[in-house]
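Morning, everyone. Please look at the screen while I walk through a few local features.

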Amino acid sequence: MIPRLAEVTPVQRHYLAFIDALNAAGFEGELNPDYANRTVLATDNSIYQVLPQAVIYPRHAADLQRLTRLTAQSDWQDIVISPRGGGTGTNGQSLTDGIVVDLSRHMNRILEINAEEGWARVEGGVVKDQLNAALKPHGLFFAPELSTSNRATIGGMINTDASGQGSVLYGKTRDHVLELNTVLLDGELLSSGPVSDVDLDHLKRSPGLTGAIHRTVDDIYERRREDIEARFPPLNRCLTGYDLAHIRDDDGRFNLNNILCGSEGTLGFIAEAKLNVLRIPKTSALVNVRYDSFETSLRDAQTLMEAEPTSIETVDSRVLGLAKGDIVWNSVSEYFPTAEGEVVEGINLVEYTADTEEDLRAGVKRLTDRLDAVAGQPGKCNGYSVAWGDRAVKQIWGMRKKAVGLLGNAQDEARPVPFVEDTAVPPENLADFIMDFRAVLDREGLTYGMFGHVDAGVLHVRPALDMKDPEQIRTVRRVTDEVVKLTQHYGGLLWGEHGKGVRSEFAPEFFGDLYPELQAIKKAFDPHNQLNPGKIATTEPSIPLLAIDAVKTRGDYDRTIPVDSWQHQSEGMYCNGNGACFNYDPFDAMCPSWKGTRERKHSPKGRASLMREWIRVLGEQGHDTRTLAQAEQRRVPVLHWFPRAWNTWRRERGQYDFSNEVYESMAGCLACKSCSGSCPIKVDVPEFRAKFLHLYYGRYLRPLKDYFIGLLEFIIPVLARRPFKWVYNALLGFKPIEAFLRRIAGMVDSPRIHRRQLSAIMRQRNIEWADANMLQGLREAERKRSVVIVQDAFTSFFDTDTVGDILACLQELGFRVWVMPYRANGKPLHVHGFLKSFTWVARRRQKDFAALAASGIHLVGIDPSMTLAYRGEYKKHLDGDVAPVLLLQEFLALHKDRLADHKTALAGGDVRLLGHCTEKTNAAASMKDWETIFEALGLSLTQEAVGCCGMAGTYGHETRNVQTSATIYDLSWREKIDTLPVEQLVATGYSCRSQVKRMQGVELKHPLQYVLERIKPA
Ligand SMILES: Cc1cc2nc3c(=O)[nH]c(=O)nc-3n(C[C@H](O)[C@H](O)[C@H](O)COP(=O)(O)OP(=O)(O)OC[C@H]3O[C@@H](n4cnc5c(N)ncnc54)[C@H](O)[C@@H]3O)c2cc1C
Ligand code: SF4
Ligand code: SF4
């Protein structure tokens, strides 16, 4: 049994007292000093890990004012606070051992859009893609681009002065900031923007911090103007944050925004921003140019610039290779063809945008004429492809955006890590700089992938290190020092894009004798060095800046985790915090529990962080999870009822156990598996969650509903028999039973068993049960047109008509259909952590499938999520292979020629597919199969973008999840059902169809039901 994990790292008493005082001051957001919140926000995307004392979520600027008024009081001037947005920083920018102030949860409102004047006013926690989605109907967009645009916040972007692809044309974030509303450390709300000298004089005479700040900054400008001009290199990526060179803007007006942009949360809280927004270019194209060496692609990029594109990005073969192994490749593969024997080591992605088709074609021609003239010559490209139109261009940029995350997906313990990942040098020096940079990495024997914004001279590289190995941690220092020297040699910067954070130790070197002026600015804004201290500048020379090897890394913690636990829970160990699972897009599958709660502990990253910490703490007590799990396998739960009941009773009476916090986070997971398919690192929450639950319920009693859900697959064949079926269905409609189920058993809206029996439908249609001997005895021709349907409990017993229609459709399409006698799949057992029973079931199915598959006839499942368990969950728990069980669409796509024979028999039609999350993310290629099938049949099918429906097996039926399930449904499904013609909508998942019926009373068809209807009567 797992031990109780009593208070792990207590919150400092002083901080708890501060939290109480903040509560008393009327703070309206959440105040969370719990260990789960602290653990989840102890990391960003950097190599560092710093445990905060608490995490707080302000609701509005007034909350921030309450906070800073309090921290300004003499009793609390040692309290440290750090603003946080999406937490995607790569250098520990938002990490603190004080209080994390996360603005992303509530302060995420778009306040105003003025399309005529071209600006938008937003709160600091608005995500960049969220803003662009709101601007799109006005034909506008917020231009600064970054790879993390679906989760990084405007506050974070302003504070790191973010930029990325397209920066040569559009500049950086600060180029689009019109006004900022900043909460200062004395509780004042400062509005900043360009001001006249008259207004500046007025501001300098203001009381409090506002006056001090304006006096200090203007004084620096007056005294050090010439030194400043002499110091800074003329780069696209100029020095950001405390930008002395731009205290006055190009029109000579004093503008504090240039000091604030890029200040990394060290000067104030950006509560609101007024942003400049631009017209969306009407059309775009991307030329994808292939090279046989990365160096050639880099050097050639400078020549390509002469063809005046909007932007140029370079990726190397490693990045491309990783993309090929990811879900993202399905959408872009056609643009990266390789001829026989062609070696592709580098690619330049050259973008053109324009307002007219004519201008666009002219731009692309400028480039392709040049390429055609030199293709194949030494130092030139191998060939190119052109992607026309926004959709295609976005898909390729999507692949490039995902590249950073993909670089983290190595297979061994050395994983790509950021620490010198965003250098910038003048573009003309880039190729030489990179060659020297590579020599440094090669000397250290490191592997790495590279890509970059070659037009701006920015290089992204993440060398692979095993941060658990102290020797490899020392590499960080050696390589950084060398790269700092190289950037100086080539006239560039170490932090060209992602900010300084823990790398702030190099700030004095870069700012030279101007560094004390930065300290003066810091002191004017933050007199007691409370705001994100140690970054960029400290208030006094005696207070040190953070240094790259003076902050604890995640590796320092991971090293103490027992190896057996690390391997046993490996599905969560390699999360690198890139935050792709915080995707704001409601029409994307990842991650419904995060979207439905906006709580970071209910995300894949949150769960992976808690799992790492949980096994680390267990390790401290001398336990590893593998040994604990083996012991649990041997136990008979019923014999240990008393100790578990005792522990549960103590838990209910408030006894602390960190495992309970971990449980809360795991219990909120829908087990939809979107993370395991979409996370660039393939973090698989359902897998490590199942292992956790297996152990957790060795200590505590299970809720009743778990037994019901786990057993359902086994008892359903009996329940489905008359008269049990009548009794069961009647009881479900009986109010007291319904109340019992809701309150005691924890289940709501349980579905009724279908009135028809599949065996009766099969008899009607002359369909036989599949028997291994009979199948093997079939003639070759008969085998070729045969298919064995593998049943699942949900469709066979609750949605029997749909199964009947699918069988009928397959027959109409000329297949001889067999049905495997019903057997439990085991997935519900896995979801709820009954791992011993799950493995038992899986072993039996492995044998059943092997016997049937020996005939060479395809096995095909109906429900996507249940079917994918055979190649997902089964694979992880069984030795040896499991015979493949195909999805319906995979099977039919293999027979598309046969389908074409039925084309004339079908009336044309147009259908929109609402796919199941598990299928879209774990068998992405198969979604295209539906299009292939419909096309072969002379029908047309388009994929409709939707997120999760909120049901996911039984999640939506559990009382504790009802509200979140409905919230998740409303994020994307409700609108589709409300606005699209329902008769044209089809859904593959049983869960999705039943959720739509439950939420909106609409019955959706399965795609093959739609096909069946279109088959014209002969
Ligand atoms: C995979 C990956 C790819 C990336 N690609 C790019 C890229 O292409 N271009 C790029 O520029 N960056 C990139 N980054 C870095 C990162 O995404 C950006 O720095 C982003 O702007 C950070 O935004 P955030 O909301 O996540 O901020 P956080 O990481 O939460 O915070 C960043 C800094 O801003 C401060 N801050 C946040 N909100 C506020 C606020 N409201 N008021 C005051 N201070 C605040 C924090 O204290 C911290 O110092 C990438 C990161 C990853 C993981
Ligand atoms: S779970 Fe995956 S997507 Fe989320 S932060 Fe971790 S690695 Fe990134
Ligand atoms: S399985 Fe689904 S709900 Fe659970 S963490 Fe993964 S994406 Fe989120």
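A definition before the tour. A crossing is left-handed if the near helix is turned anticlockwise from the far one by less than a right angle, and right-handed if clockwise. Now the ground rules. This is a predicted model, where local features need pLDDT of at least 70 and side-chain atom pairs count only at pLDDT 80 or more, while totals for chains, interfaces and linings use all residues. Residues are numbered from 1 along each chain as its sequence is written, chains are lettered from A and ligands numbered from 1 in the order in which they are written, and side-chain values use heavy atoms, with hydrogens and water left out.

Start with a helix pair. Helices here are DSSP runs of H or I with at least four residues, numbered from the N terminus. Two packed helices are described by the angle between their axes and the distance between the axes. The pair is α22, residues 604-620, and α27, residues 685-696. Their axes come within 11 Å and cross at roughly 40°. Axes are lines fitted to C-alpha atoms over the stretch in contact, with angles from 0 to 180 degrees between N-to-C directions. So α22 and α27 are oblique to each other; that word covers what is left after under 35 degrees (roughly parallel), over 145 (roughly antiparallel) and 65 to 115 (roughly perpendicular). The crossing of α22 and α27 is left-handed.

Who touches whom? Contact means heavy atoms within 4.5 Å. From α22 come P604, R607, A608, M611 and W614; from α27 come V685, F688, F692 and L695. By class, this contact has eight nonpolar residues, no polar ones and one charged. Nonpolar is Ala, Val, Leu, Ile, Met, Phe, Trp, Tyr, Cys and Pro; charged is Asp, Glu, Lys and Arg; the others, Gly among them, are polar.

Next, cis peptide bonds. One joins M590 and C591, with omega about -25°. C591 sits in the loop between α20 (570-573) and α21 (592-597). Another joins R722 and P723, with omega about 5°. P723 is in the loop between α28 (704-719) and α29 (724-732).

Now positive phi. N529 is not a glycine, yet its phi is near 55°. N529 lies in the loop between α17 (515-525) and α18 (554-558). Is N529 buried or exposed? Buried, at 11% relative accessibility. The cut-offs are under 20% relative accessible area for buried, over 50% for exposed and partly exposed in between, with a 1.4 Å probe and protein chains only. I536, also not a glycine, has a positive phi of about 65°. I536 is in the loop between α17 and α18 and is buried, at 0%.

Conventions:
Helix = DSSP H or I, 4+ residues; strand = E, 2+ residues; numbered from the N terminus.
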